[in-house]
Amino acid sequence: MSDTLQNELRRLFAKAKMPTNPALAVRILELAEDPDSTVDQFSQVIQADAALATRLLRMANSVAYGQRQQVTTIQRAVSFLGVHRVRTVSLGFQLIAHLDRLCGCPFDMQRFWQHSILRGCLAREFAKAVIPTCADEAFLIGLLQNCGVLLLVQLLGQPYARLCQTEQLSPTSFFAAEQRDHRYSHPQVTAALAREWRLPEIIVTPMERHHVEPPLMPSPSQTHHLWSVAYIAGAVWLTAPSGVGDNEPALSGFAQRYLNMDVEAVKSCLARAGDAYAEVACLLQDSVPDDLDVTDLLSQANGHLTMSLELEQQRSAAEYAHLTTALGEYRERAARDPLTGVLNRGALNNAIHDSIGQVKGSSDSVMLLFFDLDDFKLLNDVYGHRVGDEVLKAVTQTLQQCIPPDGIVGRYGGEEFVILVRGLAEADAKVLAESVLVSVRGTRLAGLSLPGPITGSLGAVWGTLDPDTTPEDLVRAADELMYQAKSAGKDRCCFRSLDDAYNVDLLESDSVAVHACADAIRAKGTEGKDSTPVPTALRRIAHRLNGRMTQQLSDVRKHQRKCMITPCRLTVLTAVTLQSRTEEAYVRNISTGGIGILATMPMVRGQPAEIAILIGNESRLFVAGVVAFCRHIEGVVHDVGLQLFMHSKQPILSNNPEEAIRNLDWVAHALRRTRNVAAATA
C-alpha cells in the first residue's frame, strides 16, 4: 500500500472518530517482540484491563484445557497458556473491544462478529494443515480481515451497509461490487488500520490480500502460507443460497493444491472450527450472544465448498440437485420446529450436547426423558391431522410447564419429545417423571371432542455422567426404556439410574483371561521384547464390550461408530519424562472423530498417543490424537477413548517423538497440559 493511500485512510479514520492507537494492544506487541520480556510483565499489562484478564482466566479454566485445579491468577494463566497464545488471544480480544466501540452502525454487529470469529476458527484449522506453528496468527488474520467493513459503514452509511449484508452476495462477489461502486475496499482499510496498530507484516499482508488468489510457489514463505489460509477462510460463503455463481472460486480445488487437503479433510476442518467457535464465543459474550448457533452456517459453507467442487469437476445436474436437496433438508432439521415452537431434533441435540458438557466431571446429575404419545397414529387416522396437530401443540405446552425454567424440551420427531433437566436428586427425578405423565393426562383439549384423555409412555435415565457419555447415548437409553413402557401397557414410565444402564460386568472366563493377560505382560520383562502377542483375552473383552448398551447406542451418533475388532500397536508420549511407551492393544470401534481401544497401560486424559492398525503383521494406517478417557475394566485392562487429530500412512509419533513435539503444536500443547496436571496433583 502506498504512503499516499495510507495517509488518506488515516484521515478517514479520524473522520469516523476511530481511535487509531489501542495502547494496550501496542504494549502487548512490544512485549511479544522483546526476547527478554517476562511472564510478570505480560501479567501486569493484562491486569490493566479487567475484561481482558477475565477472558484469559475463563480461557485457562475452560473444558478444552482440562485443568483439574482452577487457575485463579493472571500469572498462572499466562504460564499455562504460553506467551505466544496469550499474545494472539489478547490482541484479538483487545482489538475486538476497540472496534466494538463503533456505536450506531446501521447493521447487525453481532452477526458480523459471529462470522468474524468463525472465520478466525476456520483460518486456524486450515493453518494446522500447512503451517501449524502459525495457527494462532492465522486465527488473528481470520478474525480481523473484515474489520475494515466497520469503518466503511461509518463513512459510507446505509448504501454500503446494505451491500455488505446482502446474503445473495458471496464474499468474492461483495469484494467485486465494493471495488466497482466505492473508492476504497475493506481489505485496504483493514491493512491500513492494522499498520496503524503496528501489527506485524506477517499478519497485515495476508489480511490485505485475502481476496486475491495467491500464486502457487515451490518454496512458499510463512507469509505466503498465511496468505493462502486467509484466502480460503475469507472466500468461504457463510450465508450461501442454494446455487453457486460461475464466478465463484473452486475452493475445494484450491485446498487440494495449496493446503494438500481433500474434500473430506476440508469438511473435517469445518467441523473442528465449529467446535472451536463455541470456546471462543463464550469468551466474547459481550460481543456475541451465547444463543447463536453456527451449525447452519457451517452446513451452508460445506454445501458451498461441495458445490464449487461440483462445478469444477463438471458433474451431472442430477448430482448437483441431490446436494442442493440434502443441504435444504439439513437446514430444515436445524431450524426450530414450526408446529410446536420448541427445539427440533437438530437444535435439540446441540442444546443437550452443550448442557451436559457443562456438568461432565462434576457431581451434578442429569435426567433425560424420552416421551412418546400413545396411539397417536390412530388419533390422526380417526380425527384427522388438524386435530393431531392441535394435540401436539397442547401437549408441548404441558411439557414446557412441567419442567424447571432451565430445562430443555424439544420435539424429537413426530409425536416424540425429549426433555433434559439437571441438578435433581434421584427421588425428585422420579417424581418429575411421574408428574409429566399426570400432567399430560390432564392436558386441556377444549373443542376437540376426543373420547378420553391423552396419554403417553416415558423412558427416563438419571445420574452423573461418565467422561465418555454422549448425548446420543442418553437419548437412545431413554428411548429403549420408553419402548419398555409401551410394551408394559403404555401410560407409564420406566426409570433407570445411569449406573445401572452403563454397568459393565465381565464373565468369569473373561476375568481369568484378564489375569492371564497380566501374567503375559509381566513375562515380557524390561528388555523391550515387544514381540509377545497380546492375549486373546483383549479380543474377547472387546467383543463383549461391543455388545453392551453403551456400544449399542452408537447408531444415533452424529459420527457413527463402526465395530472394528483388530490388533494394533499403541504408542503413548509421557509428559513428565518426554518418552514414549509402546505396547500391543486391540481396536474395538472407530468413528470419524475417535477410536476406542483396549490396552494394558494406564493413561491420563490429554496424553498424546498413536495407534498403528495392523493387517497381518504390517502397519497399514497410523492415527494419532489425545486420550479422551481411560476407564479401568479389571486387572490390567483399560478401556481407552482417543480423540483423533491426524491420520497417515506413515508413523506420526512413534518413529521420532521429539520431531513430532517440535512440528505438531497439538502434541506440544497436550504434553504441556498433562505435565501441568501431573504437577498440580503431585
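I take the expected span of a helix as 1.5 Å times one less than its number of residues. The model I am working from is a predicted one.

**Helix α7**

I looked up helix α7, residues 109–130, and compared its length with that rule. Its 22 residues should span 32 Å, and I find the end C-alpha atoms 32 Å apart, which agrees. I then checked burial: 17 of the 22 residues of α7 are buried, so the helix is largely enclosed by the rest of the structure.

**Nonpolar cores**

Next I looked at the largest nonpolar core, which has 63 residues. Which of its members touch the most others? I get Phe-126 and Leu-199. The largest share of this core, 10 residues, is supplied by α7.

I listed the contacts of Phe-126, leaving out residues up to four places away in sequence. The list holds Val-229, Ile-232, Leu-259, Met-261, Val-266 and Cys-269.

**Salt bridges**

I searched the whole structure for salt bridges and found 18.

I looked up the bridge between Arg-257 and Glu-213, where the closest N and O atoms are 3.7 Å apart. Arg-257 sits in helix α15 (residues 251–259), while Glu-213 sits in the loop between α13 (201–208) and α14 (222–235), so the pair ties together parts 44 residues apart in sequence. For accessibility I have Arg-257 as partly exposed, with a relative accessible area of 45%. Glu-213 is also partly exposed, with a relative accessible area of 40%.

I went on to Arg-588 and Asp-639, which form a salt bridge with the closest N and O atoms 3.1 Å apart. Arg-588 belongs to strand β7 (residues 579–590) and Asp-639 to strand β11 (residues 637–648), so this pair ties together parts that are 51 residues apart in sequence. Are these two residues buried or exposed? I find both Arg-588 and Asp-639 buried.

Asp-639 turned up again in a bridge with the side chain of Arg-631, at 2.6 Å from N to O. The cut-off for buried is under 20% relative accessible area, and Asp-639 has 1%, so I count it as buried. I also recorded a network in which salt bridges with shared partners join Glu-125, Lys-128 and Arg-272.

**Positive phi**

Most residues other than glycine have a negative phi, so I noted the exceptions I came across.

Asp-375 has a positive phi of about 55 degrees although it is not a glycine. I place Asp-375 in the loop between β1 (366–373) and α20. Asp-375 counts as partly exposed, at 44% relative accessibility.

Lys-490 is another entry here, with a positive phi near 70 degrees. I find Lys-490 in the loop between α23 (471–487) and β5 (493–497). Its relative accessibility is 29%, so Lys-490 counts as partly exposed.

**Surface patch**

Last, I looked at a nonpolar patch on the surface. Which residues form it? They are Leu-378, Val-382 and Tyr-383, with about 290 Å² of accessible area together. I located Tyr-383 in helix α20 (residues 376–383). Tyr-383 is partly exposed, with a relative accessible area of 34%. Patch members need over 30% relative accessible area, so I see that Tyr-383 passes this cut-off at 34%.

Definitions and conventions:
Residues numbered from 1 in each chain as written. Predicted model: local features only at pLDDT ≥ 70, side-chain atom pairs only at ≥ 80, totals over all residues. Heavy atoms only, no water. Patch = residues over 30% accessible without salt bridge, like charges linked within 9 Å, V, L, I, M, F, W, Y side chains within 5 Å. Areas by Shrake-Rupley, 256 points an atom, 1.4 Å probe, with all protein chains shown as cover. Salt bridge = Lys/Arg side-chain N within 4 Å of Asp/Glu carboxyl O. Helix = DSSP H or I, 4+ residues; strand = E, 2+ residues; numbered from the N terminus. Buried < 20%, exposed > 50% of the residue type's maximum accessible area, 1.4 Å probe, protein only. Core = buried A, V, L, I, M, F, W, Y, C linked by side-chain atoms within 4.5 Å. Contact = heavy atoms within 4.5 Å.
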